[in-house]
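Have a look at the model first, then read on.

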Amino acid sequence: MRKLSRRHKENIEKTKNKIYSNLDEAIQILKETATTKFVESVELHANLNIDPKYADQQLRTTVTLPNGVGKQSRIAVLTNDENFDEAKNAGADIVGNDELIEEITKGNLDFDLLIATPNMMPKLAKLGRVLGPKGLMPSPKSGTVSNGLEETLTEFKKGKFEYKADKAGVVHVSFGKSNFTDTQLVENLTALYNSIEKNRPSGVKGKYFKSMFVCTTMGSSIKLDLNAFV
């Protein structure tokens, strides 16, 4: 069995058997557990009372957090030639048509997000096996299929991102970095919670949230009281 480091043991002591009903306090402890030499990401893990194998119990949506997540996404746009200039001027990192499809087919995915105009979707159908598992397949629901490239790119460049519940009904989302201020992290966490709440699937019966934890990349889990946001 792997021996726990002193750093990790100290973090566990700070968080063991504690449930935080005050967000400011939870974030303060969270930042105290970010003791590695690099800037850690800060994550929310929300266990929801949903079974995503049913269509009316799936959660997949987008959110823009008030203070961003501290990461600049590399965005590719798949569109026809006459839209290339619009996409480049709006901040797209890669713009292409058939040659971009060719690159994706080869498995060259040099981007974090793919936006497509609706007329390109039939061409993308065959790439589901490449893009799907990586969560890169554009979809109208996530706002990544759009004719309004300028507006769409502006939103995603500002930090809009997609999140979804996994097969077990758990949402794992980064909501900032450990070097954000306490206030920025509380604001981002609250906005994320509100987004999950607002997009509650219609098939949810009774209680929606089962449990919620926050942590840094290498830190211990910190359990939040489900009423902390009320």
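This is a predicted model: local features need pLDDT of at least 70, side-chain atom pairs count only at pLDDT 80 or more; totals for chains, interfaces and linings use all residues.

Residues are numbered from 1 along each chain as its sequence is written, and side-chain values use heavy atoms, leaving out hydrogens and water.

**Helix α7**
- Helices (H or I, at least four residues) and strands (E, at least two) are DSSP runs, numbered from the N terminus.
- In α7 (residues 149–157), Leu149, Thr152, Leu153 and Phe156 are buried (under 20% relative accessible area, with exposed over 50% and partly exposed in between; 1.4 Å probe, protein chains only).
- Those buried residues line one face of α7, because they fall within an arc of 95° seen down its axis (taken from the directions from the helix axis to the C-beta atoms).
- Over on the other side of α7, Glu150 and Glu151 are exposed.
- The cover over the buried residues of α7 includes β4 (75–78), α3 (84–89), β6 (113–116) and β7 (161–164), with contact meaning heavy atoms within 4.5 Å.

**Helix α8**
- Helix α8 (residues 182–198) has 17 residues.
- Its buried residues include Leu185, Val186, Leu189 and Ile196 of α8.

Conventions:
The expected span of a helix is 1.5 Å times one less than its number of residues.
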